[in-house]
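Me: I'm new to this one. Could you walk me through how to read it, one feature at a time?

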Amino acid sequence: MDSLLMEPITLSTTPETYAVPTHNRARTVKAVQHTLHHSISSVGTGLHTGAPINLTLRPAPVGHGIVFQRTDLNAAPLPARFDYVVDTRLSTVVGEVGNPANRIATIEHLMAAFHGCGIDNALVLVDGPEIPVFDGSAADFVFLLDCAGRVPQDAVRQSIEVLRPIRVEQNGAFVELRPSTTQTLHLSLQIDFAAAAIGKQDYALELTPATFRHQLARSRTFTLRQEIEALHKAGLARGGSLENAIVVDGDQILNPSGLRCPDEFIRHKVMDAVGDLYLAGAPIKGAFTGHRSGHSLNNKVLRSLFADPSAWRFTPPSAVSARVAA
């Protein structure tokens, strides 16, 4: 496992709140934005370059959002937003239009950790063209966030509420965002692979810090054995190994340690969606459904959602009124 620099600290998973006065002298308790308590750094391997990558996560002010910055280039910062995505073929890649060198790949696992751990504002510094893969899951990123700590900020955390269904399809696959009565993001996905070791799997959950941490974070990326040779010929996956990906050959799992859970494949796909959907720029209040989906459709559904102003709105998440003395 790659070097991680600190021991974890104990954190509350309950979102902090503060009181906002209203006209009737009541107060409404609303969720607030969060950032990191302090910076933290780590070194890992790039999945495609095979090179060591230095990663630093830093606190950021209210309204900053998640922003990526290449430290090896004199280039513009890259906001973690759907409209900055420039490639989705093998991972989610953000980049600068007009400057092909300024791009950062494989951001989805880190974005999933930010989403699942409730981090709204952070600066991500990286000295290469991709985020370290670590063990192929989000677990090490969660570890880093735990070590850095999480602190509330003096600003309301807004959500993006889905107001009407948005659906995109491609080659028999689809994803859809729909309105939901839940106060957070509900995800339901299905996969269907010819490889017998994967086959058909489905999974659904309501995203909370607890469900992300205990049901999704440790699920690793996976690939088919026959795809590895093609990737190597294309100069990709140079850092891939059985230490950071599940490799499937027909009905066999080639990793000596096997799977972390029987449905690790679909759980990883759900985790990818959690990361990709956080590129909305704020948590989504709605229901996400996917069938054989991936990074491309996840990005396309966000583009379709924001292309229709009638399909969404910003809203504070479930406001709970609490009477206080005058």
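Reply: A residue is buried if its relative accessible area is under 20%, exposed if over 50%, and partly exposed in between, using a 1.4 Å probe and protein chains only. Helices (H or I, at least four residues) and strands (E, at least two) are DSSP runs, numbered from the N terminus. In helix 3 (residues 209-216), Thr-211, Phe-212 and Leu-216 are buried. This is a predicted model, where local features need pLDDT of at least 70 and side-chain atom pairs count only at pLDDT 80 or more, while totals for chains, interfaces and linings use all residues. Residues are numbered from 1 along each chain as its sequence is written, and side-chain values use heavy atoms, with hydrogens and water left out.

Me: What do the buried residues of helix 3 pack against?

Reply: Contact here means heavy atoms within 4.5 Å. The buried residues of helix 3 pack against helix 1 (108-117), helix 2 (139-148), strand 16 (200-206) and helix 5.

Me: How do I read two helices that pack together?

Reply: Two packed helices are described by the angle between their axes and the distance between the axes. Axes are lines fitted to C-alpha atoms, for helices over the stretch in contact, and angles run from 0 to 180 degrees between N-to-C directions. For helix 1 and helix 5, the angle is about 75 degrees and the axes are 7 Å apart. Angles under 35 degrees count as roughly parallel, over 145 as roughly antiparallel, 65 to 115 as roughly perpendicular and the rest as oblique. Helix 1 and helix 5 are therefore roughly perpendicular to each other.

Me: Which residues meet there, in helix 1 and helix 5?

Reply: From helix 1 come Glu-108, His-109, Met-111, Ala-112 and His-115, and they meet His-268, Met-271, Asp-272, Val-274, Gly-275 and Asp-276 in helix 5.

Me: And where does helix 5 lie relative to the strands?

Reply: Helix 5 (residues 264-277) lies across strand 17, strand 18 and strand 19, and runs at about 130 degrees to strand 18. Helix 4 (residues 225-233) lies across strand 17 and strand 18, at about 90 degrees to strand 17.

Me: What order do those 3 strands take in the sheet?

Reply: Strands pair if DSSP finds at least two bridges between them. The order is 17-18-19 in an open sheet with mixed pairing. Strand 17 (222-224) and strand 19 (252-253) are the edge strands, each pairing on one side only. Strand 18 (residues 246-249) pairs with strand 19 in the antiparallel sense over 2 bridges, and Asp-249 stands opposite Gln-252 in strand 19.

Me: How many residues sit between strand 3 and strand 4 in their hairpin?

Reply: There are 6, and Gly-50 in the turn has a positive phi of about 75 degrees. Strand 3 (residues 40-45) and strand 4 (residues 52-59) run antiparallel, joined by 6 bridges. Ile-40 stands opposite Leu-57 in strand 4. Strand 4 also pairs with strand 10 (residues 122-126), antiparallel over 5 bridges.

Me: Is Ser-293 buried or exposed?

Reply: Buried, with a relative accessible area of 7%. Ser-293 is in the loop between strand 20 (284-291) and helix 6 (295-307).
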